[in-house]
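I am opening my notebook on a new chain today. Please have a look at it with me before I start writing.

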Amino acid sequence: MKSLTSALLNRVVIAVPYLWLLIFFLVPFFIVFKISLSQPAIAMPPYTPTFDLSEGLSGLWAGLSEMSFSNYLWLTEDALYINSYLSSLWIAGVSTVLTLLVGYPMAYAMARAPENLRPILLMLVILPFWTSFLIRVYAWIGILKTEGLLNQFLLFIGIIDQPLVILNTSTAIYIGIVYSYLPFMVLPLYATLEKMDQSLIEAAQDLGCPPLSSFWKITFPLSLPGVVAGCMLVFIPAVGEFVIPDLLGGSRTLMIGKTLWNEFFANRDWPVSSAVAIVLLLILVVPIVFFQRAQARSQEKGA
């Protein structure tokens with residue numbers, strides 16, 4: 001009886017995350033995919049449903065026979081969408097590298113700090129989350145604008161003779177993304193570095209290995225799981241970012257998040273905007289799936 005109860009509890013525990021994914025990921029995904037196969041219409045909602053489930057199996061079969069991927073073909077014919085995807089991937093990639101360069105020394109210093117100071121440093125990293133994301137991005141407008149705090153400080157210390165134009169440029173977007181997503185990079189790196197066995201570094205130093213060489217041969221390879229996790233946590237949301245490029249990048253910034261917003265709210269073309277969202281999701285999910293499979297195979301070979 002106990003074994004039957006424990007087996008049932010194990011199945012329930014395993015089923016909970018799958019049920020969560022079904023309700024909050026797969027169901028919305030199929031709803032958006034269904035809209036992407038529809039045609040725009042002057043109505044509410046502004047599209048003609050492809051599948052009419054109220055008519056039963058006959059309506060479902062009629063919808064399947066009339067299914068069209070014209071919205072997806074439209075994305076390949078208009079250079080706006082292709083350029084938006086490429087620009088988003090480039091900006092997200094550069095921002096991820098910059099976030100890693102800033103976050104790794106911070107995480108390393110936190111992991112090497114005295115144990116009584118680590119909780120305080122960890123709290124300081126999490127502290128920005130206590131303030132609204134939108135307010136924090138708006139604050140950067142006051143810092144980066146021509147008469148903002150940064151230009152006033154640089155003029156005061158004499159580094160520049162005239163204000164720099166930073167706001168409404170790609171530089172402002174990089175600054176905003178690095179600042180906003182820095183905790184997502186620091187936290188997994190800190191978790192990995194904090195658990196690392198320090199005796200390996202001591203053994204390398206005893207054998208005459210220089211500090212920089214021991215870092216690249218021991219510390220960095222052992223921290224790669226944290227690096228990969230941090231990069232994914234930064235890159236994935238940065239690709240679809242809308243608030244930062246809209247407020248800091250200006251109207252000329254081309255990113256898929258802004259393009260998606262314009263199609264959905266300004267043009268009210270829900271089918272095309274749904275197709276944009278589906279393609280964006282596939283661009284992000286497919287490489288992650290292949291990476292996880294490759295990592296699992298490498299672990300099996302190592303075992």
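**Terms first.** I take helices (H or I, at least four residues) and strands (E, at least two) as DSSP runs, numbered from the N terminus. This is a predicted model, in which local features need pLDDT of at least 70 and side-chain atom pairs count only at pLDDT 80 or more, while totals for chains, interfaces and linings use all residues. Residues are numbered from 1 along each chain as its sequence is written, and side-chain values use heavy atoms, with hydrogens and water left out.

**Whole chain.** I looked up the helices and strands and found 14 helices and 2 strands. Of the 303 residues, 33% count as buried (under 20% relative accessible area; exposed is over 50%, partly exposed in between, with a 1.4 Å probe and protein chains only).

**Two annotated spans.** The unreviewed UniProt entry gives "transmembrane region" for several stretches, including 87-108 and 148-166; its positions are in the numbering used here, feature names are shortened, and annotations may be inferred rather than shown by experiment. How far apart are the end C-alpha atoms of residues 148-166? I read 10 Å, with the span 47% helix and 0% strand. For residues 87-108, I noted 100% helix, 0% strand and end C-alpha atoms 31 Å apart.

**N151.** I found N151 in helix α7, residues 149-157. Is N151 buried or exposed? N151 is buried, because its relative accessible area is 1%. Setting aside neighbours within four places in sequence, I listed its contacts (heavy atoms within 4.5 Å): I143, L144, K145, T146, I160, P163 and L164. With L164, the side chain of N151 reaches the backbone nitrogen at 2.7 Å. I call this a polar contact, meaning a pair of N or O atoms within 3.5 Å; within protein, one must be able to donate a hydrogen and the other to accept it, and residues adjacent in sequence count only if both atoms are side-chain atoms.

**Two loop residues.** Next I checked N168, in the loop between α7 and α8 (170-194). N168 is not a glycine, yet it has a positive phi of about 65°. Its relative accessible area is 48%, so N168 is partly exposed.

R268 sits in the loop between α13 and α14 (270-302). R268 is not a glycine either, and has a positive phi of about 55°. R268 counts as partly exposed because its relative accessibility is 36%.

**Helix α13.** Last, I looked at residues 256-266, which form α13, and noted the buried ones: I256, G257, K258, T259 and E263.
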